[in-house]
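I opened this model to look up its sheet, its core and a few single residues. My entries follow in the order I made them.

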Amino acid sequence: MTLTMTAATTPRSASLHLAGELDYQSTGGFIDTVDALIGRRPAPEDLHLDLSELTFCDSAGLSGLLLVHRRTSQAGVRLHLEHRPRFLDRILDITGTFEHLVTSNAPGETGVR
(Lines give C-alpha, C1' and ligand atoms only; values in the text may rest on other atoms or scores of the structure.)
Protein backbone atom coordinates (compact mmCIF):
# COMPACT_ATOMS: atom_id res chain seq x y z
CA MET A 1 0.00 0.00 0.00
CA THR A 2 1.12 3.53 -0.63
CA LEU A 3 0.57 6.75 1.24
CA THR A 4 -2.10 9.14 0.07
CA MET A 5 -2.26 12.68 1.35
CA THR A 6 -5.06 15.21 1.18
CA ALA A 7 -4.29 18.80 2.13
CA ALA A 8 -6.62 21.62 3.08
CA THR A 9 -5.69 25.15 4.03
CA THR A 10 -7.25 28.19 5.61
CA PRO A 11 -5.57 31.57 6.07
CA ARG A 12 -4.42 30.53 9.57
CA SER A 13 -3.92 26.77 9.39
CA ALA A 14 -3.15 23.80 7.21
CA SER A 15 -4.24 20.21 7.58
CA LEU A 16 -2.90 17.08 5.99
CA HIS A 17 -4.78 13.78 6.08
CA LEU A 18 -2.53 10.73 5.72
CA ALA A 19 -3.86 7.33 4.66
CA GLY A 20 -1.68 4.26 4.23
CA GLU A 21 1.95 3.58 5.05
CA LEU A 22 4.48 6.17 6.17
CA ASP A 23 7.66 4.32 5.30
CA TYR A 24 10.98 4.54 3.49
CA GLN A 25 9.30 4.97 0.11
CA SER A 26 6.70 7.57 1.11
CA THR A 27 8.47 9.72 3.70
CA GLY A 28 10.18 11.97 1.15
CA GLY A 29 6.88 12.92 -0.45
CA PHE A 30 5.36 13.51 2.98
CA ILE A 31 8.16 15.90 3.92
CA ASP A 32 7.91 17.71 0.58
CA THR A 33 4.17 18.18 1.06
CA VAL A 34 4.63 19.53 4.59
CA ASP A 35 7.37 21.89 3.37
CA ALA A 36 4.99 23.29 0.76
CA LEU A 37 2.24 23.76 3.35
CA ILE A 38 4.41 25.55 5.91
CA GLY A 39 6.31 27.48 3.24
CA ARG A 40 3.31 29.42 1.98
CA ARG A 41 2.99 33.09 2.87
CA PRO A 42 1.78 33.98 5.29
CA ALA A 43 2.82 30.81 7.05
CA PRO A 44 0.04 28.95 8.85
CA GLU A 45 -0.09 29.15 12.63
CA ASP A 46 -0.96 25.47 12.94
CA LEU A 47 -0.35 22.30 10.97
CA HIS A 48 -2.78 19.49 11.74
CA LEU A 49 -1.76 15.98 10.70
CA ASP A 50 -4.80 13.69 10.64
CA LEU A 51 -3.36 10.22 11.16
CA SER A 52 -6.65 8.37 11.54
CA GLU A 53 -6.04 6.25 8.44
CA LEU A 54 -2.31 5.67 8.92
CA THR A 55 -1.76 1.91 8.77
CA PHE A 56 2.01 1.60 9.22
CA CYS A 57 5.02 3.67 10.26
CA ASP A 58 8.61 2.44 10.10
CA SER A 59 11.83 4.09 11.29
CA ALA A 60 11.96 6.28 8.17
CA GLY A 61 8.41 7.45 8.87
CA LEU A 62 9.32 8.24 12.47
CA SER A 63 12.37 10.13 11.25
CA GLY A 64 10.09 12.05 8.88
CA LEU A 65 7.76 13.00 11.72
CA LEU A 66 10.72 14.22 13.76
CA LEU A 67 12.00 16.25 10.79
CA VAL A 68 8.54 17.76 10.27
CA HIS A 69 8.49 18.69 13.97
CA ARG A 70 11.86 20.39 13.62
CA ARG A 71 10.81 22.30 10.49
CA THR A 72 7.47 23.42 11.90
CA SER A 73 9.18 24.57 15.09
CA GLN A 74 11.73 26.56 13.10
CA ALA A 75 8.93 28.15 11.07
CA GLY A 76 6.92 29.02 14.20
CA VAL A 77 4.11 26.64 13.22
CA ARG A 78 2.41 24.52 15.89
CA LEU A 79 2.29 20.84 14.94
CA HIS A 80 -0.70 18.71 15.95
CA LEU A 81 -0.69 14.92 15.54
CA GLU A 82 -4.39 14.17 15.54
CA HIS A 83 -6.29 10.88 15.67
CA ARG A 84 -3.12 8.86 16.16
CA PRO A 85 -3.55 5.10 15.84
CA ARG A 86 -2.60 3.11 18.93
CA PHE A 87 0.34 1.49 17.14
CA LEU A 88 1.84 4.93 16.47
CA ASP A 89 1.51 5.96 20.11
CA ARG A 90 3.28 2.73 21.03
CA ILE A 91 6.14 3.47 18.60
CA LEU A 92 6.45 6.99 19.96
CA ASP A 93 6.43 5.69 23.52
CA ILE A 94 9.02 2.95 22.92
CA THR A 95 11.36 5.34 21.11
CA GLY A 96 11.00 8.05 23.74
CA THR A 97 9.61 10.53 21.23
CA PHE A 98 6.01 10.71 22.48
CA GLU A 99 6.52 13.71 24.74
CA HIS A 100 8.63 15.42 22.08
CA LEU A 101 6.05 15.10 19.30
CA VAL A 102 2.79 15.21 21.27
CA THR A 103 2.84 18.39 23.30
CA SER A 104 -0.78 19.56 23.44
CA ASN A 105 -4.06 18.10 24.53
CA ALA A 106 -6.23 19.53 21.79
CA PRO A 107 -9.15 17.39 20.56
CA GLY A 108 -7.80 14.14 19.15
CA GLU A 109 -4.43 14.66 20.85
CA THR A 110 -4.92 13.20 24.28
CA GLY A 111 -1.88 11.97 26.11
CA VAL A 112 -3.68 8.68 26.77
CA ARG A 113 -1.95 5.78 25.08
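This is a predicted model: local features need pLDDT of at least 70, side-chain atom pairs count only at pLDDT 80 or more; totals for chains, interfaces and linings use all residues.

**Threonine 2**

Residues are numbered from 1 along each chain as its sequence is written, and side-chain values use heavy atoms, with hydrogens and water left out.

I placed threonine 2 in the segment before β1 (3-9); helices (H or I, at least four residues) and strands (E, at least two) are DSSP runs, numbered from the N terminus. Is threonine 2 buried or exposed? Threonine 2 counts as exposed because its relative accessibility is 58%; the classes are buried under 20% relative accessible area, exposed over 50% and partly exposed in between, with a 1.4 Å probe and protein chains only. I also noted threonine 55, which is 53 residues from threonine 2 along the chain, with 10.0 Å between their C-alpha atoms.

**The sheet**

I then traced the strands. Four of them form an open sheet in the order β1-β2-β3-β4, with mixed pairing; two strands pair if DSSP finds at least two bridges between them. β1 and β4 are at the edges with a single partner strand each, so one side of each has no neighbour in the sheet. Neighbouring strands of this sheet are turned by 15° against each other on average, direction ignored; axes are lines fitted to C-alpha atoms, for helices over the stretch in contact, and angles run from 0 to 180 degrees between N-to-C directions.

I went through the pairs in turn. β1 and β2 are antiparallel over seven bridges, and a hairpin of three residues joins them. From β2 the chain crosses through α1 to β3, in a right-handed β-α-β crossover; right-handed means that, with the strands pointing away from the viewer, the path from the first strand over the helix to the second runs clockwise.

β2 and β3 run parallel and are joined by nine bridges. Glycine 20 has leucine 54 in β3 as its bridge partner. I found α1 lying across β1, β2 and β3, at about 175° to β2. Eight of the 10 residues of β2 are buried.

β3 and β4 also run parallel, with five bridges between them. Here the chain crosses from β3 through α2 to β4, again in a right-handed β-α-β crossover. Aspartate 50 is bridged to glutamate 82 in β4. Of the five residues of β4, four are buried.

**The core**

Which residues touch the most other members of the largest nonpolar core? They are Phe30, Leu47, Leu49, Leu65 and Leu81, out of 26 residues. Such a core is a set of buried Ala, Val, Leu, Ile, Met, Phe, Trp, Tyr and Cys residues joined through side-chain atoms within 4.5 Å.

I took leucine 47 as an example. Beyond four places in sequence, the contacts of leucine 47 include Ala14, Val34, Val68, Thr72 and His80. I followed one of these, threonine 72, to helix α2. Threonine 72 is buried, at a relative accessible area of 0%. Apart from neighbours within four places in sequence, threonine 72 is in contact with Ile38, Leu47, Val77 and Leu79.

How values were computed
Contact means heavy atoms within 4.5 Å.
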